[in-house]
Amino acid sequence: MIAQRVGIRALRQAAAVKPNALFFNQNLPRLALATNSTSLQISRGASTQKITENEAQSILASQRRQRPVAPHLTAYDYSQTWFGASIWTRITGQALSTSFYAFSLAYLVAPLTGWHIESATLADAAASLSPAVKTGLKLVVAWPFFFHFSNGIRHLVWDFAVGFKKHTIQQTSYVVLGASIVGTLGAVFLL
């Protein structure tokens, strides 16, 4: 291994000084040393022994007893910020993706089944709804989107290792909640 490093070092030095004179200088003996020593290296295999199935199971069981056990969810304090923002990010992400895939599959299958899910039919159905129902449907769709979007930005900031103090986490939780509410109300009443 050391001989290989010597050879690589010799190549780098030769390339830095004179790239076209790589093998025609004082580095040739070091390169030869690196190539010859790799063929002389001896590897030693791991020693094994035959054991019965019962012995293997008992060894495995003893190893499992020494592993740490993860705590159950009931061990955590539910008032912590991870529970609110984290679980709601997962819930909103699942709700958005499930509804997107369900609508996409229904839209693709609609011509085969006789359903009318084309754009004109959906626009007519939305126009026939009362304003309260339209507002409610917009709220149901917009809030998960804006909450997931806002908390996703917070997680991107966390990827840069910024904002991990408990006070900062609590503040950004409120910022995420406020941004999701403002975005939802803007989408519901301005669009």
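Visitor: In what order do the elements of the protein run from the N terminus on?
Guide: They run α-α-α-α-α-α-α. The secondary structure comes to seven helices and zero strands; helices (H or I, at least four residues) and strands (E, at least two) are DSSP runs, numbered from the N terminus. Please keep in mind that this is a predicted model, in which local features need pLDDT of at least 70 and side-chain atom pairs count only at pLDDT 80 or more, while totals for chains, interfaces and linings use all residues. Residues are numbered from 1 along each chain as its sequence is written, and side-chain values use heavy atoms, with hydrogens and water left out.

Visitor: Why is Thr-184 called buried?
Guide: Its relative accessible area is 3%. Buried means under 20%, exposed over 50%, and partly exposed in between (1.4 Å probe, protein chains only), so Thr-184 counts as buried. Thr-184 lies in helix H7, and its C-alpha is 8.6 Å from that of Phe-147, a residue 37 positions away in sequence. Of the 191 residues of the protein, 16% count as buried.

Visitor: Is Ala-161 buried or exposed, and how do you know?
Guide: Ala-161 has a relative accessible area of 59%, so it is exposed. This residue sits in the loop between H6 and H7. Ala-161 also has a positive phi of about 60°, although it is not a glycine.

Visitor: What makes Glu-118 partly exposed?
Guide: A relative accessible area of 35% falls in the in-between range, so Glu-118 is partly exposed. Glu-118 belongs to the loop between H4 and H5. Tyr-107 is eleven residues from Glu-118 in sequence, with 7.5 Å between their C-alpha atoms.

Visitor: Which residues form the nonpolar patch on the surface?
Guide: Leu-139, Tyr-174, Leu-177, Ile-181, Leu-185 and Phe-189, with about 610 Å² of accessible area together. That area comes from the Shrake-Rupley method with a 1.4 Å probe, and for residues only the protein chains shown count as cover.

Visitor: Which residues line the largest pocket?
Guide: Ser-99, Phe-103, Leu-122, Ala-126, Leu-129, Lys-134, Leu-137, Lys-138 and Val-141. A pocket is an open set of points on a 1 Å grid where a 1.4 Å probe fits, with protein on both sides within 12 Å along at least five of seven lines, and lining residues have an atom within 4 Å of a point. The volume is about 320 Å³. H6 gives the most to this lining, with four residues.

Visitor: Why is Val-141 called exposed?
Guide: Its relative accessible area is 57%, so Val-141 is exposed. Val-141 is found in helix H6, and its C-alpha is separated by 9.8 Å from that of Thr-92, 49 residues apart along the chain.

Methods: Patch = residues over 30% accessible without salt bridge, like charges linked within 9 Å, V, L, I, M, F, W, Y side chains within 5 Å. Salt bridge = Lys/Arg side-chain N within 4 Å of Asp/Glu carboxyl O. Points joined across faces, edges and corners; volume = space filled by probe spheres on them.
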